[in-house]
Amino acid sequence: MTTTSPVPIPEALRFRAGDKVTDIDPGATPGFKGSKSDGQQLQEERSARLAELQELLYANHKAADDPRSVLLVLQGMDASGKGGIVKHVVGAVNPMGVRYTAFGKPTEEELAHHYLWRIRRALPPAGHIGVFDRSHYEDVLVVRVHNLVAPEVWGARYDEINAFERELVDNGVTLVKAAMFISPEEQKKQLLERLDDPTKHWKYNPGDVDERLRWADYQEAYQAVLDRTSTDYAPWYVVPSDRRWYSRLAITELLIAALEGLDLSWPPATFDIETERRRLLDS
Ligand code: AMP
Ligand code: MG
């Protein structure tokens, strides 16, 4: 079975200057040639690898004071599958080492602060994988589309976000920014499923239809995010998300690549193993 193509998934998904959001095929599976069941089989193997890498990250912090962390930023329209990534991809690793935060409409307290205030408070501690289900990018997406602040205000945020992310990287945070793209047809199908299934009503928000009506505005806002905030130190990855098995595999691969880039190994014992063995056996 040769399911991976010559281009690894992360490389195939990396946003490149000049790429257009309108050219994205949300049903594509870049970097992977296999079927859904091939993808699901590979997902299982790769989830095990991800879990091992996460344990390495955690172990290095615990035993060797390694200050590093990884931050997964998930952005995408409603029903693009962010929740599924949390459940199926992040769910495969030990929750002990995960810091998950969902960013909804800011509370009154949050609104009284700078928009990065709530973001800073949610950053992953050393040794952890942080997961942002939406993020500071909402402040140049929903905020831009709905003119929640003046254009000069959101317009200044791209550079500010770049500076903020530079600071994170300098402090040992590896950012994995995944922009999940679904087609309007797939979104309609997913939202209809939520209406048809009483166990999914809790996920349905009438406001999702209003956002859906602003599709073109969101496309434009996503284009600006990609154009202006995909940097060499914190690049964006464009994840086609109509096929959920693929987006899950893709984000698993993005996380694996980020963690492998940290070049982690098991921290050596800080005690004498033979002495400890003898003490234990004699106890
Ligand atoms: P959900 O992720 O489905 O729980 O929805 C969260 C909602 O909060 C979405 O409609 C977001 O657009 C909205 N939201 C998140 N961050 C902001 C923000 N900074 N300003 C306004 N709305 C936001
Ligand atoms: Mg929602």
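Colleague: Which hand does the crossing of H8 and H11 have?

Modeller: The crossing of H8 and H11 is right-handed; that word applies if the near helix is turned clockwise from the far one by less than a right angle, and left-handed if anticlockwise. Bear in mind that this is a predicted model, where local features need pLDDT of at least 70 and side-chain atom pairs count only at pLDDT 80 or more. Residues are numbered from 1 along each chain as its sequence is written.

Colleague: Why are H8 and H11 called oblique to each other?

Modeller: The axes of H8 (residues 157-170) and H11 (residues 215-229) come within 10 Å and cross at roughly 50 degrees. Under 35 degrees counts as roughly parallel, over 145 as roughly antiparallel, 65 to 115 as roughly perpendicular and the rest as oblique, so H8 and H11 are oblique.

Colleague: What do H8 and H11 meet through?

Modeller: Tyr158, Asp159, Ile161, Asn162 and Glu165 in H8 meet Ala224, Val225, Arg228 and Thr229 in H11, where contact means heavy atoms within 4.5 Å.

Colleague: What makes asparagine 60 buried or exposed?

Modeller: Its relative accessible area is 9%. Buried means under 20%, exposed over 50% and partly exposed in between (1.4 Å probe, protein chains only), so asparagine 60 is buried. Asparagine 60 lies in helix H2 (residues 36-64). Leaving aside neighbours within four places in sequence, asparagine 60 is in contact with Asp65, Asp66, Leu264, Ser265 and Pro267.

Conventions
Chains are lettered from A and ligands numbered from 1 in the order in which they are written. Side-chain values use heavy atoms; hydrogens and water are left out. Axes are lines fitted to C-alpha atoms, for helices over the stretch in contact, and angles run from 0 to 180 degrees between N-to-C directions. Helices (H or I, at least four residues) and strands (E, at least two) are DSSP runs, numbered from the N terminus.
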